[in-house]
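The sequence and the structure come first.

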Amino acid sequence: MSTQEQATDSLALERQGALAEEEMASEVVLPGMWRPWRDRRGLPLLPDEDPVSTVRDSLYDLIPLGPREIKLISSAPFLRLQKVKQLGFVYRIWPGATHTRYEHSLGCYHLAVRAVRALLQRGNNGGLSGVSLKSVQTLIVAALLHDIGHYPFSHVIEELGHPIIAHERVGRSIIEHSEIAEILEEEYQLSPERVADCIDPPPGKRLSEDDELLRNLLSGALDVDKLDYLPRDARACNVPYGGVDVARLLGALRVHPNVQGQRRIVVTHKGISPLHSLLHARQEMFDNIYWHHTNRAFQVMLMRAVQEALLAGALSAERLTGLDDASLLTLLAEPQMPPASRALTEALELRRPYKDALEISRPAGQLFQRLDALYWDAQRRRRVEQALAAELAPALETEIADYEVLIDIPRPVNWEMDVWVWFANPPVGMEALATWVQATGLQPDDLARYEQHQRRIRVLVPERLRAPLRAHRQDLLLPLLQRLLAM
């Protein structure tokens, strides 16, 4: 090697060293920095740049993990998620739907890493330049931990309201007060409170601008949560509804510097089609899977079983947070539980779903509206159910326990699309930056009106009561229900 070549190589090494020192000292993203950048422990910004292990996944084949991520997923709170099914009782209808919150959490983490990489690769052109490195790490960790506080059997228990709190708030407590807090502080040098704020933003508290920007990738119209669970749920159920071009959508992500005065994550025009597919995939999964009548029946039965145990003092809301699917059913079947809890749990275990005796749609007007209001008042719903059972028994000349008439009210779905589309070369008549409505012509009401008609409220009873109640729907069940709701 010539003296000139040696000098050139030496200069290149010096420049690389200077760049590395600059990036080590930097607290924000610099263009093209994610590959060479290492923190003071020698770990990269994106864990899959230097993985120590991988998880084989049904959707993504291999999910790379760094040493810190290994510690998080090996913690007791995270391992509990291996025993909490993603879709609750859906496996009773589609036997393959036994995937768990553990798998879904890993998938969200993987998509968060991919989304960050896609934005990092944009550099100063719609990328993350200038964004805090700690905000990037907070997003990635929050994506992994976003479901850490989930109750058994998915979302249904949360519908009970007080004293049950949202799983995001349960997750906050776990993140801030368990071994996970130590891992975040010692391994990531991250505040557990900051990670929890990304998952469960406290009312009235402003997040940092960078945290607020990136948390939209975890919760919003473009979030990695939906991008993972829709295809994952569809594959597990072997249905053709959840198809989304995830790679194309992630590739269309950009950071726009000024959307109504603030930075926002937007999509280019190439993201319109996959985002439209995401909307329809979500709609079809609700219609065919999440709101399937048998799945809903099982959920309402579990909700009432838990409600009875809570009211009897045989179960506390705090204890629920540490249970998984199997341990909850085992507990509800124990002798100290109320008879209603034990009877409903036995029916769940033996796959004896309640059947619909009456179905009410939105065009029913006031009746639907009054029933719908019961969603927000679980105690009044229980009183109406008990009153129905008490008055139906003598009318039908048969015994009806006060837990044998249940009302199923699916949670209302939000179809708002707070998304902006960025055109590099806008077509004539279109601005460079357009709202979703302006870019597509689709109003939130277009989906909402359809869904409002698909969302049905049902009166559910054991199989033996279904035929007699259907036979007396007009002269007994409907008038009685209307009278009780008017009281």
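## Basis

Two strands are said to pair if DSSP finds at least two bridges between them. The model described here is predicted.

## The three-stranded sheet

An open sheet of three strands has the order β5-β9-β6, and its pairing is antiparallel. Both β5 and β6 have a single partner strand and stand at the edges, so one side of each is left without a neighbour in the sheet.

Strand β5 (residues 355-360) is joined to β9 by five bridges, and the two run antiparallel. Across this pairing, I360 stands opposite I457 of β9, and D356 has L460 in β9 as its bridge partner. Strand β6 (residues 406-408) pairs with β9 over three bridges, also in the antiparallel sense. There, D408 stands opposite R458 of β9.

How many residues of strand β9 (residues 457-461) are buried? Five of its five residues are, and the strand is described as mostly covered. The cover extends to both faces: I457, V459 and V461 are buried on one side, R458 and L460 on the other.

Helix α21 (residues 463-471) lies across β5 and β9 and runs at about 40° to β5. Helix α22 (residues 473-486) packs on the sheet as well, touching β5 and β9, with its direction at about 70° to that of β5.

## Packing of α13 and α18

Helix α13 (residues 293-311) packs with helix α18 (residues 378-396) at an angle of about 105°, and their axes are 12 Å apart. Angles of 65 to 115 degrees count as roughly perpendicular, and α13 and α18 are therefore roughly perpendicular to each other.

On the α13 side, the contact is made by M303, R304, Q307, E308 and L311; on the α18 side, by A378, Q379, R381, R382, E385 and Q386. Sorted by class, the residues of this contact are three nonpolar, three polar and five charged.

## Helix α6 and its neighbours

In helix α6 (residues 167-177), the buried residues are H167, V170, G171, R172, I174 and I175. These buried residues pack against four helices: α3, α5 (133-145), α7 (179-188) and α8 (192-199).

## H99 in its loop

The loop between α3 (76-79) and α4 (101-120) contains H99. Is H99 buried or exposed? Its relative accessibility is 5%, and a residue under 20% counts as buried, so H99 is buried.

The side chain of H99 makes a polar contact of 2.8 Å with the side chain of D233. With neighbours within four places in sequence set aside, the residues in contact with H99 are K85, Q86, L87, R232, D233 and A236.

Notes:
Residues numbered from 1 in each chain as written. Predicted model: local features only at pLDDT ≥ 70, side-chain atom pairs only at ≥ 80, totals over all residues. Heavy atoms only, no water. Axes fitted to C-alpha atoms, helices over the stretch in contact; angles between N-to-C directions. Parallel < 35°, antiparallel > 145°, perpendicular 65-115°, else oblique. Contact = heavy atoms within 4.5 Å. Nonpolar A, V, L, I, M, F, W, Y, C, P; charged D, E, K, R; others polar. Buried < 20%, exposed > 50% of the residue type's maximum accessible area, 1.4 Å probe, protein only. Polar contact = N/O pair within 3.5 Å; in protein donor to acceptor, adjacent residues only side chain to side chain.
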